[in-house]
Structure formats: structure tokens, C-alpha cells
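Please look over the sequence and the structure shown below before reading the report, which goes from the sheet to the pockets and then to a few single residues.

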Amino acid sequence: MAERLAKIFGTEEDKVNCPFYFKIGACRHGETCTRIHNKPPVSQTMVFPHLYDNPPAAIAFADGLNVPQESLVEAVNHFEDFYEEVFSELAKFGELEEVVVADNIGEHMIGNVYVKYQGEDQAMAAMQGLLGRYYAGKVIVAEFSPVTDFREAKCR
């Protein structure tokens with residue numbers, strides 16, 4: 001029995017634990033989800049929900065709308081400035097393995113920033129160092145995340 005439960009943990013067959021949260025660190029159902037979101041007490045991966053504000057041109061482009069070239073260039077520059085600023089600030093706490101900004105426009109994913117440090121101690125230092133700080137006029141919210149493999153961290 002235990003072996004079978006171990007095999008289905010975090011999959012669609014698991015009727016107790018949310019496979020979406022396990023795989024992408026977010027769930028489209030949020031607090032109304034009928035399954036458990038196992039939030040790790042510590043992890044080498046962190047998520048900053050909705051930290052990146054996509055410019056309107058980027059959202060329109062993602063929705064398949066026709067967007068002027070200059071607006072797309074501005075959106076790319078906006079993203080690159082954001083990424084550089086966030087990367088350099090987060091690197092102060094330890095060696096970064098990955099920084100991923102979700103480009104999914106679903107409400108539960110839009111603007112989420114995932115950061116994977118080399119070790120849990122570095123992520124813990126970042127968590128403590130960012131506590132009470134602001135970015136772009138908003139309080140920085142940071143959570144440890146169960147995501148370790150970003151290749152599968154996609155909301156389909």
C-alpha cells in the first residue's frame with residue numbers, strides 16, 4: 001500500500017495532494033482547491049508570486065493580438081531591466097542555479113518569479129533578507145516552493 005501511495009504522490013491519481021501545486025508551485029484553484037498544497041518549510045527553490053508586472057503590450061501579444069513592433073521592443077527592454085535588477089539582488093544571498101519568470105498569463109501564474117539557489121541555506125538567507133522589503137511599490141512576498149525541475153513546471 002505504501003509503495004503504491006509513493007508512486008502516485010503528486011500525480012493526477014493522487015486524490016489528496018494537489019499535483020498542480022507540486023509541479024508548478026501554484027494552483028489555479030488557489031485556496032478553494034480541494035487537495036492539499038504541501039508547502040515545504042524550507043527549500044532551495046523560492047517563488048515570488050506576481051512580482052513581475054507584465055506590460056500591457058506583452059499581455060496583448062501573449063493573447064495573440066497584433067502589437068506594434070516598438071511596443072514589443074519596450075516590453076522586452078522592460079523585462080530585461082527587471083530580470084537584471086532582480087537577479088543581481090537575489091545573487092547577494094548565494095549562488096543562483098535558475099531564475100524563471102512565468103510568462104503564462106493565467107491568474108495563478110502571471111508574473112511569478114521562481115528562484116532556485118544552490119542550497120537551502122542560501123534560500124533561507126534570501127527569505128530572511130527580503131522580509132519586509134518592497135519592489136515596485138509592493139511588499140515582496142516570498143514562499144518556499146516544492147518545484148525543483150522547471151522543465152515540467154508548466155501550466156498546460
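A residue is called buried when its relative accessible area is under 20%, exposed when it is over 50%, and partly exposed in between, with a 1.4 Å probe and protein chains only. Helices (H or I, at least four residues) and strands (E, at least two) are DSSP runs, numbered from the N terminus. This is a predicted model, in which local features need pLDDT of at least 70 and side-chain atom pairs count only at pLDDT 80 or more, while totals for chains, interfaces and linings use all residues. Residues are numbered from 1 along each chain as its sequence is written, and side-chain values use heavy atoms, with hydrogens and water left out.

**The sheet**

Strands of a sheet pair through backbone hydrogen bonds, either parallel or antiparallel. Here two strands are said to pair if DSSP finds at least two bridges between them. Four strands, in the order β2-β3-β1-β6, make up an open sheet with antiparallel pairing. β2 (96-101) and β6 (143-144) are the edge strands, each of which pairs on one side only.

In strand β1, Thr45 and Val47 point one way while Met46 and Phe48 point the other way, and all are buried. In β3, Val113, Val115 and Tyr117 point one way and Tyr114 and Lys116 the other way, and all of these are buried too. β3 is thus described as mostly covered, with five of its five residues buried.

| Strand pair | Bridges | Sense |
|---|---|---|
| β1 (residues 45-48) and β3 (residues 113-117) | four bridges | antiparallel |
| β2 and β3 | five bridges | antiparallel |
| β1 and β6 | two bridges | antiparallel |

Single bridge partners can be followed across these pairs. On the side of β6, the bridge partner of valine 47 is glutamate 143, whereas valine 100 stands opposite tyrosine 114 in β3.

**The pockets**

Rolling a probe the size of a water molecule over the atoms shows where empty space is left. On a 1 Å grid over the protein atoms alone, a cavity is a set of points where a 1.4 Å probe fits but cannot get out, and a pocket is an open set with protein on both sides within 12 Å along at least five of seven lines; lining residues have an atom within 4 Å of a point. Grid points are joined across faces, edges and corners, and a volume is the space filled by probe spheres set on the points.

The largest pocket holds about 320 Å³ of space. Its lining has 15 residues, and those nearest the centre are Asn54, Ala58, Ala75, Phe79 and Asp103. Helices α3 (56-62) and α4 (69-90) each supply at least two residues of this lining. For the counts by type, Ala, Val, Leu, Ile, Met, Phe, Trp, Tyr, Cys and Pro are nonpolar, Asp, Glu, Lys and Arg are charged, and the others, Gly among them, are polar. The lining of the largest pocket divides into 13 nonpolar residues, one polar and one charged.

The second largest pocket holds about 220 Å³ of space. It is lined by 14 residues, of which Tyr21, Gly25, Ala26, Cys27 and Glu143 are the closest to its centre. This lining divides into five nonpolar, six polar and three charged residues.

**Single residues**

Contact means heavy atoms within 4.5 Å, and the contacts listed here leave out residues up to four places away in sequence. Asparagine 54 lies in the loop between β1 and α3, where it touches Ile59, Ile110 and Gly111.

Why does asparagine 54 count as buried? Its relative accessible area is 19%.

Tyrosine 21 sits in helix α2 (residues 19-24) and is buried, with a relative accessible area of 4%. Tyrosine 21 is in contact with residues including His37, Glu143 and Phe144. The C-alpha atoms of tyrosine 21 and arginine 35 are separated by 9.4 Å, although these residues are 14 residues apart along the chain.
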